[in-house]
Amino acid sequence: MNAVAKNLRKLRQSQGLSQEQLAQKLFVTRQAVSNWETGKTQPDTDTLVNIAQILAIDVTELIYGKKTHSAFEADKKIRIKRTACLVMIALFAFATKFIFTLCLKPQATNSYTNIVLVSVLESFVTVLTYGLSAACFVSLISIWKDISITNAALRKAFLLGGVGITGIYTVFVVLHILGFSAFWRPIYFVTTHPVIAIVPALCIFAGLNK
């Protein structure tokens, strides 16, 4: 019996599904599922993806099995490098924010263009600083603790959600700079609380962390 056959049977049973029930969800015969689980035949790539979606798991878990502790430890160097890169970028963002606060902002002239440019850049750097700080924190945790989401569909949802929230936040910042916050209070609230950036940052991290 090959790895896929063993994993499929184990995962199906853990979900409390019979071969017949799984077959109905896949629109195949029960015999087809039985053949996969005994190793007589192999499901094609599309079928593997469909099975993974039905069982709410990542397709790699179906093919290779659940990530073991040894496999998690083997990836530790990669997670350390990722965390180091995030820390370096976060430190650069902090330094940039410091420069904006002490140097560029006080020297902004009364020119509307200069004021808007400095405001946009300052808002971007502030949000980036909060977001990167949150990403550094969870990345640091991931070095010793497996916090990855095994469900590919759920990871994708987190990633898209994080990108979507970031896009909305960007629009709010632009509207705030253009003076629309005086007409709609939520714009003012969101743009004056950059800590909100932690939410999309964590969503994007969860979506990319495998």
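**Figure 1. Buried residues of helix α3 in the predicted model**. Ala 32, Val 33, Ser 34, Asn 35, Trp 36 and Glu 37 are buried in α3. The cover over the buried residues of this helix includes α1, α2 (19–26) and α4 (45–54). An α-helix has 3.6 residues a turn, so residues three or four places apart point the same way.

**Figure 2. The residue that follows α3**.

**Figure 3. The salt bridge between Glu 37 and Arg 12**. A search of the whole structure finds 1 salt bridge. In this pair, the closest N and O atoms of Glu 37 and Arg 12 are 2.4 Å apart. Glu 37 lies in helix α3 (residues 30–38) and Arg 12 in helix α1 (residues 3–14), so the pair, 25 residues apart, links distant parts of the chain. Is this pair of side chains buried or exposed? Both Glu 37 and Arg 12 are buried.

Figure 4. Of its 210 residues, 35% count as buried. Among contacts in the protein chain with a separation of 6 or more, 69% are between residues 24 or more positions apart. The accessible surface of the protein chain comes to about 13100 Å², and carbon and sulfur atoms account for 68% of this surface.

Note on methods: Residues are numbered from 1 along each chain as its sequence is written. This is a predicted model: local features need pLDDT of at least 70, side-chain atom pairs count only at pLDDT 80 or more; totals for chains, interfaces and linings use all residues. Side-chain values use heavy atoms; hydrogens and water are left out. A salt bridge is a side-chain nitrogen of Lys or Arg within 4 Å of a carboxyl oxygen of Asp or Glu. Helices (H or I, at least four residues) and strands (E, at least two) are DSSP runs, numbered from the N terminus. Buried means under 20% relative accessible area, exposed over 50%, partly exposed in between (1.4 Å probe, protein chains only). Contact means heavy atoms within 4.5 Å. Accessible areas come from the Shrake-Rupley method with a 1.4 Å probe; for residues, only the protein chains shown count as cover.
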